[in-house]
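Here's a quick briefing to read with the model open on your screen.

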Amino acid sequence: MTLESFGQSAALTLGVELELQLVNTNDYDLAHYADDMLRLMARHQLPGSVVPEMTAGMIEISTGVCETSQQALAELSRIRDALVQCADKLNIAVVGGGTHPFQQWHQQRIYDKPRFHELSALYGYLTKQFTIFGQHVHVGCPDADTALYTLHCMSRYIPHFIALAASSPYVQGQDTAFDSARLNSVFAFPLSGRAPCVLTWDEFGAYFDKMTRTGVVKSMKDFYWDIRPKPEYGTIEVRVFDTPLTVERAAALAGLVQSLAAWFQQERPFAPVEDDYLVYGYNRFQACRFGLDAVYVDPVGGEHLPLRDHLLSTMERLQPFATACQATDALALLRKDVLDNRNDARWLRERQAKERLLGEVIRQAAQRFRGRDA
């Protein structure tokens with residue numbers, strides 16, 4: 001198989017995907033209701049799509065192509081409201097968050113779809129452990145080479161994305177001490193991590209050809225990279241976000257990605273090189289482990305900085321681009337959370353400290369997803 005051509009998309013358009021938890025309303029464990037939700041959601045006229053995910057307690061929603069993060073929020077809110085109506089009919093609830101705090105991986109069921117069964121046969125128990133929940137943001141690029149340039153510039157901000165979106169402190173009933181434990185499950189897959197540092201579509205095609213000749217890769221879907229090109233859409237796809245607890249936060253994160261892409265595509269502030277990735281894994285670990293309290297190592301100068309400070313200076317730099325993208329409200333929401341040192345992982349821990357019952361924390365998170373703060 002050869003690499004497909006890079007498709008057409010308008011620069012800086014957005015698409016947002018959210019993987020969501022379906023839980024019962026008895027003990028708030030995961031419920032295998034994906035088929036029933038898909039059947040009921042098919043009766044609604046909605047933007048975007050609703051599709052199954054790896055296991056039957058998951059579902060994925062996505063917006064259509066959006067011009068702004070405000071439009072993405074409007075679409076996500078419509079889909080969220082329809083999901084809540086359907087969940088009420090089924091006596092279940094829908095929840096955000098990067099992990100379900102106490103589900104047991106061996107109790108999950110692979111959703112009945114050929115690709116999921118194929119992956120299960122290859123990866124064994126890893127596929128059931130992949131019952132984790134992420135947000136993906138697509139941003140449009142005018143051509144393939146600009147997409148690769150944007151991808152490698154965006155890679156410097158992977159720690160920022162992880163810390164802002166972190167919402168997976170609990171796994172299998174335990175506090176992991178990570179703000180984002182979800183990404184530890186992604187690391188287990190052999191084709192995870194970061195894309196090769198190539199800057200032209202011809203070079204990328206040569207890399208793809210070599211990988212397909214090994215028999216390890218059949219399509220771009222086989223790469224579980226943090227950011228990957230999506231040639232059929234004409235986008236790059238940022239994949240490191242935990243699913244936030246609210247659609248408002250999901251749209252704000254999309255606004256941040258759009259503002260960064262606008263900066264990169266209009267001013268070309270960096271010249272990406274392989275050495276940018278010397279500290280990539282370390283920065284990524286810091287953000288997963290410590291969230292907004294992480295240390296950020298500048299990939300060029302090597303300075304060690306509080307990630308929080310680098311986030312604030314980045315948001316200041318992005319102001320004119322956020323204004324042009326109509327994303328000032330999105331950045332203001334995220335900036336306030338950085339100043340308050342708050343992300344969804346902290347919210348979950350605070351609720352657990354008060355309730356000492358993870359099922360009750362999930363019940364309250366379900367209320368939060370509906371737009372009702374518990």
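Strand β1 (residues 14–24) gives the largest pocket five of its lining residues, the largest share of that lining. Keep in mind that this is a predicted model. The pocket itself has a volume of about 960 Å³, and a search of the whole structure also turns up five cavities of 30 Å³ or more.

**The largest pocket**

- In total, 40 residues line the largest pocket, and the ones closest to its centre are E17, E60, R228, K230 and E237.
- Sorted by class, the lining of the largest pocket comes out as 15 nonpolar, 14 charged and eleven polar residues.

**The largest cavity**

- How much space lies in the largest cavity? The figure is about 60 Å³.

**Helix α11 against helix α12**

- Helix α11 (residues 307–324) and helix α12 (residues 328–340) have axes that come within 10 Å and cross at roughly 165 degrees.
- Angles over 145 degrees count as roughly antiparallel, so α11 is roughly antiparallel to α12.
- The crossing of α11 past α12 is left-handed.
- On the α11 side, the contact uses R308, L311, L312, M315, L318, Q319, A322 and T323. The α12 side brings in T328, L331, L334, R335, V338 and L339.
- If you sort the residues of this α11–α12 contact by class, you get nine nonpolar, three polar and two charged.

**Helix α5 against helix α9**

- Helix α5 (residues 144–154) packs on helix α9 (residues 247–267) at an angle of about 120 degrees, and their axes are 10 Å apart.
- Because of that angle, α5 is oblique to α9.
- Is the crossing of α5 past α9 left-handed or right-handed? This one is right-handed.
- From α5, the residues in the contact are T146, Y149, T150, C153 and M154. They meet V257, L260, A261, F264 and Q265 in α9.
- The contact of α5 with α9 has seven nonpolar and three polar residues, with no charged ones.

Conventions:
Residues are numbered from 1 along each chain as its sequence is written. This is a predicted model: local features need pLDDT of at least 70, side-chain atom pairs count only at pLDDT 80 or more; totals for chains, interfaces and linings use all residues. Side-chain values use heavy atoms; hydrogens and water are left out. Axes are lines fitted to C-alpha atoms, for helices over the stretch in contact, and angles run from 0 to 180 degrees between N-to-C directions. Helices (H or I, at least four residues) and strands (E, at least two) are DSSP runs, numbered from the N terminus. Angles under 35 degrees count as roughly parallel, over 145 as roughly antiparallel, 65 to 115 as roughly perpendicular and the rest as oblique. A crossing is left-handed if the near helix is turned anticlockwise from the far one by less than a right angle, and right-handed if clockwise. Contact means heavy atoms within 4.5 Å. Ala, Val, Leu, Ile, Met, Phe, Trp, Tyr, Cys and Pro count as nonpolar, Asp, Glu, Lys and Arg as charged, and the others, Gly among them, as polar. On a 1 Å grid over the protein atoms alone, a cavity is a set of points where a 1.4 Å probe fits but cannot get out, and a pocket is an open set with protein on both sides within 12 Å along at least five of seven lines; lining residues have an atom within 4 Å of a point. Grid points are joined across faces, edges and corners, and a volume is the space filled by probe spheres set on the points.
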